[in-house]
Amino acid sequence: MPQLNPEFFLSQLFWLAVFFSFLFIFLWKVSLPRIATVLEKRQNKINDNLATAKELQEKAQEIEENINLKINKAKQDANEQIKKTISSLQDEVSSQLSNLDNELEKKISDSEKEILKNREAQINEINKEITNITKITVSKITNINFSEDDIKNAINSDQGSIN
C-alpha cells in the first residue's frame, strides 16, 4: 500500500495540512455562517410565531370577555324586559279584574233591582189573587158581598205581619 510507504509521508502530511486548512477555512467562513444565519432566522421565526400566538391568545381572551359581558348584559336586559312585561301584564290583569268586578257588581245590583221589581209584581199579583179568592170564598160562604177596596185594606193591614 502506497499510503504506508514512509517516503510519501511528507507529501501526504503536506496535502493533509492543505486540505484540512482549506476545509477548516471553508467551513469557518462559508458554511458555518450560512448555517448560523439559517438557525438564527429559524429562531426568529419561532419567536415571532410565539409572540403572534400570545397576541392572538390575548385578543381571543379579550373577545371572550367582551362576549361574556354582552351575554350577561343581554341576560340582564331580558330579565328586565320579562319583569316589565310581567308587571304590565299584572297591571292589565288587575285593571281587567277590577272592570269585571265593577261589571259584576252592576249586573248584581241590576239583578237585585229586577228581582225586587219582580217580587213586587208577584206580591201584587198574589194580592190580586188573594182578593179574588177571598171575595169568591166569602160570597159563597155568606151572602155578604165585600167591595174589593175593603178586601185590599184587610190584606194590606195584615201584609206587614206576613213580610
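**Ground rules.** I number residues from 1 along each chain as its sequence is written, and side-chain values use heavy atoms, with hydrogens and water left out. Since the model is predicted, local features need pLDDT of at least 70 and side-chain atom pairs count only at pLDDT 80 or more, while totals for chains, interfaces and linings use all residues.

**Entry 1: the patch.** I looked for nonpolar side chains on the surface and found a patch of about 1,100 Å² of accessible area together. Its members are Leu-13, Leu-16, Phe-19, Phe-20, Phe-22, Leu-23, Phe-26, Leu-27, Leu-32, Ile-35 and Leu-39. To join a patch, a residue needs over 30% relative accessible area and no salt bridge; nonpolar side chains (Val, Leu, Ile, Met, Phe, Trp, Tyr) are joined within 5 Å, like charges within 9 Å. The areas come from the Shrake-Rupley method with a 1.4 Å probe, and for residues only the protein chains shown count as cover.

**Entry 2: one member, Leu-23.** I placed Leu-23 in helix α1, residues 9-141. (Helices are DSSP runs of H or I, at least four residues, numbered from the N terminus.) Leu-23 has a relative accessible area of 32%, so I noted it as partly exposed; buried is under 20%, exposed over 50%, and partly exposed in between.

**Entry 3: the rings.** How many aromatic pairs does the whole structure hold? My search gave 4. Phe-19 and Phe-20 make an edge-to-face pair, because their ring centres are 5.9 Å apart and their planes stand at 70 degrees. Phe-19 is partly exposed at 48%, and so is Phe-20 at 47%. Phe-22 and Phe-26 are stacked, with centres 6.3 Å apart and planes at 20 degrees. My rule for rings of Phe, Tyr and Trp (its six-membered ring): centres within 6.5 Å make a pair, planes under 30 degrees apart are stacked, over 60 edge-to-face, the rest tilted. Phe-22 and Phe-26 are 4 residues apart in helix α1, about one helical turn. Phe-22 is exposed at 56%, whereas Phe-26 is partly exposed at 37%.

**Entry 4: charges.** I saw Lys-29 over the face of Trp-28, 4.4 Å from the ring centre. (This needs NZ of Lys or CZ of Arg within 6 Å of the ring centre and within 35 degrees of the ring normal.) I then found 1 salt bridge in the structure, meaning a side-chain nitrogen of Lys or Arg within 4 Å of a carboxyl oxygen of Asp or Glu. Asp-77 and Lys-73 form it, their closest N and O atoms 3.7 Å apart. These two are 4 residues apart in helix α1, about one helical turn.

Technical notes. Buried means under 20% relative accessible area, exposed over 50%, partly exposed in between (1.4 Å probe, protein chains only).
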